[in-house]
Amino acid sequence: MRNPLLMTARQRALLDKRSGDDSMESFPAEPLLALPSGYREKTEMTAEMVERHKKKTERRREQAKKHREEEKKKTVSRLLNKSESRAGRGAAKAKAAAAAAAAVPAIVYRQTVTGSELRLPVGVAAPITAQPPRAPPKPRLCGVAGCSNPRRYSCSVTGVPLCSLECFRAIAAQRARTQKTPTVSVTS
Ligand SMILES: [Zn+2]
């Protein structure tokens, strides 16, 4: 059996419960010590102490008030600055956009109560001439000799346009052959 003096109060209580009341006598009685509860006897406050206490409280209150005021001021200034800078940024942006729009020559069509008008930029002929249609880009074809399929891929090594895996293999085989040729010529 363990030494009951090395056990905690809880362990000892459990052991007592299990073994019944008879075994209680076998344990030597241990003086119980009270833990400090934090309670302190109130001492009579002198007039001086009361005065000091009052002053301290007053000072603490004042400081808290000051702190609150400062926080308020800071918040207000922060919000004001934020809105100002935001407005400034917005105005600058609008101005820049307007300038950019003015710089680009544009055809303006306006329809109002008094009539319609078409404004052309300087240098544009008054009856606008029709533009000839632009031809679409020519389709690129497979780069393998003898293949006329449109290009779908490019070889990742050579950049040759390819249409299929078969053509890629053909190109790869050709490349292998051309790369081998110099070594063959050296040995022979
Ligand atoms: Zn091909």
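Modeller: One term to start: two residues are in contact if their C-beta atoms, placed from the backbone, lie within 7 Å. This is a predicted model, where local features need pLDDT of at least 70, side-chain atom pairs count only at pLDDT 80 or more, and totals for chains, interfaces and linings use all residues. Residues are numbered from 1 along each chain as its sequence is written.

Colleague: Great. Which residues is cysteine 163 in contact with, leaving aside its neighbours within four places in sequence?
Modeller: With those neighbours left out, cysteine 163 is in contact with Cys142, Cys147, Asn149, Pro150, Arg151 and Arg152. The C-alpha atoms of cysteine 163 and arginine 152 are 4.9 Å apart, with eleven residues separating them along the chain.

Colleague: And is cysteine 163 buried, exposed or partly exposed?
Modeller: Cysteine 163 counts as partly exposed because it has 18 C-beta neighbours inside 10 Å. The cut-offs: a residue is buried if 20 or more other C-beta atoms lie within 10 Å of its own, exposed if 12 or fewer, and partly exposed in between, with C-beta atoms placed from the backbone.

Colleague: Where is cysteine 163 found?
Modeller: In the loop between strand 4 and helix 3. Helices (H or I, at least four residues) and strands (E, at least two) are DSSP runs, numbered from the N terminus.

Colleague: What order do the elements run in?
Modeller: From the N terminus, α-α-β-β-β-β-α, so to speak three helices and four strands.

Colleague: Why does proline 161 count as buried?
Modeller: Because proline 161 has 20 C-beta neighbours inside 10 Å. Proline 161 is in strand 4 (residues 161-162), and its C-alpha atom is 5.1 Å from that of glycine 143, 18 residues away along the chain.

Colleague: How much of the chain is buried?
Modeller: Of its 188 residues, 3% count as buried. The largest nonpolar core has five residues, Cys142, Val144, Leu162, Cys167 and Ile171. A nonpolar core here is a set of buried Ala, Val, Leu, Ile, Met, Phe, Trp, Tyr and Cys residues joined through C-beta atoms within 7 Å.

Colleague: Switching topic, how do strand 1 and strand 2 pair?
Modeller: Strand 1 (residues 108-111) and strand 2 (residues 116-119) pair in the antiparallel sense over four bridges; pairing needs at least two bridges found by DSSP. Valine 108 has arginine 119 as its bridge partner in strand 2.

Colleague: Last one: which element has the lowest mean pLDDT?
Modeller: Helix 3 (residues 165-187), at 75, while strand 4 has the highest, at 92. For reference, pLDDT is the predictor's confidence in each residue, from 0 to 100. Where pLDDT is low, the predicted coordinates should not be read in detail.
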